[in-house]
Amino acid sequence: MKQKIEVASSRPYSIYLGAALEDLGAYLEKELGGSEHLLIVTHPSVKEIYLERLLKGLNAFKCDVLVVPVGEEEKSLERLSILTAEAVACAADRHSVVLALGGGVIGDLAGFFASVYMRGIRFVQIPTTLLAQVDSSIGGKTAVNHPSGKNLLGAFYPPLVVWTDFSTLQTLPWEEVQNGLAETVKHAILGDPDLFSFLETHHREILDRVPEVYEELATRSLQVKVKVVVEDEKEKGQRMLLNLGHSFGHALETEAVYQGISHGQGVSIGIIAATYLAEARGLITSAEVSRILNLVNSLGLPIDIQGKDPEVLLHLMEADKKNQNRHKVLILPDKIGHAIVVRDAHDEEILQAWHKVIK
Ligand SMILES: NC(=O)c1ccc[n+]([C@@H]2O[C@H](COP(=O)([O-])OP(=O)(O)OC[C@H]3O[C@@H](n4cnc5c(N)ncnc54)[C@H](O)[C@@H]3O)[C@@H](O)[C@H]2O)c1
């Protein structure tokens with residue numbers, strides 16, 4: 001075990017970093033007594049690679065494994081209903097504990113399932129993607145999607161514990177790594193200038209996937225998220241900062257109907273658009289804009305995109321959940337390591353920012 005971070009919240013919990021999958025069982029035996037029934041919710045490929053390691057430590061427990069097909073579309077009420085039937089079939093009761101073994105889709109879905117099954121049962125986050133380790137497993141947000149909107153049905157439902165084994169990153173496809181890197185760049189820009197410098201200095205090792213560098217960047221990145229969510233658990237203010245790049249990014253993802261553009265690509269271009277807008281407002285220096293462009297580019301993330309219509313993207317930004325009284329609420333960096341919430345951005349300046357990232 002390398003590190004333990006306590007997260008203060010309405011239900012405080014710990015994040016264990018560098019925690020081997022095999023050791024979770026011993027921890028749960030100590031915390032829970034060892035007689036509980038565990039429901040392990042996971043993806044097929046993650047089951048294939050990691051279930052055996054996890055089960056090694058869980059001999060004292062009765063375990064059932066619920067496998068969810070891959071895909072964002074599985075974060076659905078239909079899948080929730082299937083999980084419910086499966087849980088009932090293996091006699092899960094109020095004392096059962098859900099283990100979410102996988103990325104953000106599994107964490108959000110299994111967490112939301114745990115929040116409503118028999119009015120709430122305990123759950124453990126075991127994040128296996130970079131995005132889940134630095135972002136989605138922290139902060140207690142759980143959700144499923146609805147045809148009317150992404151993450152429309154959800155709950156703030158903190159886990160019992162977050163158990164992070166960085167060795168799982170070694171089998172993660174590069175595109176999935178990039179989704180987590182985009183969130184890490186976001187965290188660096190909005191809250192940690194030293195993390196930003198670390199990413200600049202180590203961009204080659206990041207491309208070479210050096211494990212020690214990933215441990216360091218993930219640990220620093222998730223600490224930014226912890227700091228923000230501890231200050232604003234229920235997203236009444238500061239937590240909005242975590243949406244840096246996402247208002248623009250979501251518009252791009254929606255326009256592409258989530259095909260052909262990954263979340264990380266959307267966030268990266270979104271960060272660049274927000275940075276250009278900040279520069280046009282005189283909030284950030286052109287030297288800092290260059291550093292942001294260079295870093296994103298050096299990590300193999302996109303800084304521009306072709307063949308999009310800025311007007312269409314502007315229109316899509318109207319659906320952003322952060323918007324208030326029809327005003328678009330944007331998060332803009334005002335220096336590397338700090339960002340602000342802006343509520344008075346005009347459509348004209350947003351369009352100009354879009355024009356700068358559309359080649
Ligand atoms: N709750 C939050 O605060 C929050 C924050 C950010 C994102 N999210 C959500 O997270 C989701 C995206 O999560 P994601 O990016 O982790 O995607 P994902 O969960 O779909 O996982 C991506 C792919 O990687 C595979 N995979 C997972 N771990 C692996 C490993 N170690 N080795 C090989 N393959 C592995 C998965 O099976 C899947 O095919 C979205 O639904 C998003 O809404 C939630």
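Contact here means heavy atoms within 4.5 Å. The model is a predicted one, in which local features need pLDDT of at least 70 and side-chain atom pairs count only at pLDDT 80 or more, while totals for chains, interfaces and linings use all residues. Residues are numbered from 1 along each chain as its sequence is written, and side-chain values use heavy atoms, with hydrogens and water left out.

On to the overall build. The protein chain has 14 helices and 11 strands, taken as DSSP runs numbered from the N terminus (helices H or I, at least four residues; strands E, at least two). Its radius of gyration is 20 Å, close to the 21 Å that the globule rule gives for 359 residues, so the chain is as compact as a globular protein of that length. That radius is taken over C-alpha atoms, and the globule rule is 2.2 Å times the number of residues to the power 0.38. The C-alpha trace spans about 60 × 40 × 35 Å along its principal axes. Of the 359 residues, 57% count as buried (buried is under 20% relative accessible area, exposed over 50%, partly exposed in between; 1.4 Å probe, protein chains only).

Helix α12 (residues 286-298) runs for 13 residues and reaches 18 Å from its first C-alpha to its last, close to the 18 Å expected at 1.5 Å a residue; the expected span is 1.5 Å times one less than the number of residues. Buried residues of α12 include Val289, Ile292, Leu293 and Val296. Their cover includes α6 (174-191), α7 (193-201), α11 (263-280) and β10 (330-335). After α12 comes Gly300, with a positive phi near 75 degrees.

Met118, at about 50 degrees, sits in the loop between α4 (104-116) and β6 (122-127). Arg209, at about 60 degrees, belongs to the loop between α8 and α9 (211-231). Met118 counts as partly exposed because its relative accessibility is 37%, and Arg209 does so at 27%.

Strand β1 (residues 3-7) holds Ile5, which counts as buried at 10% relative accessibility. Leaving aside residues up to four places away in sequence, Ile5 touches Tyr13, Ser14, Ile15, Leu17, Leu222, Gln223 and Val226.

Salt bridges come to 20 in the structure, each being a side-chain nitrogen of Lys or Arg within 4 Å of a carboxyl oxygen of Asp or Glu. One of them pairs Asp108 with Lys75 (2.9 Å, N to O). Asp108 lies in helix α4 and Lys75 in the loop between β4 (62-67) and α3, so this pair ties together parts that are 33 residues apart in sequence. Both Asp108 and Lys75 are buried. Lys225 and Asp135 form another salt bridge, with their closest N and O atoms 2.7 Å apart. Since Lys225 lies in helix α9 and Asp135 in helix α5 (residues 130-136), that pair ties together parts 90 residues apart in sequence. Lys225 and Asp135 are both buried too. Salt bridges that share partners also join Glu72, Lys75, Asp108 and Lys150 into one network.
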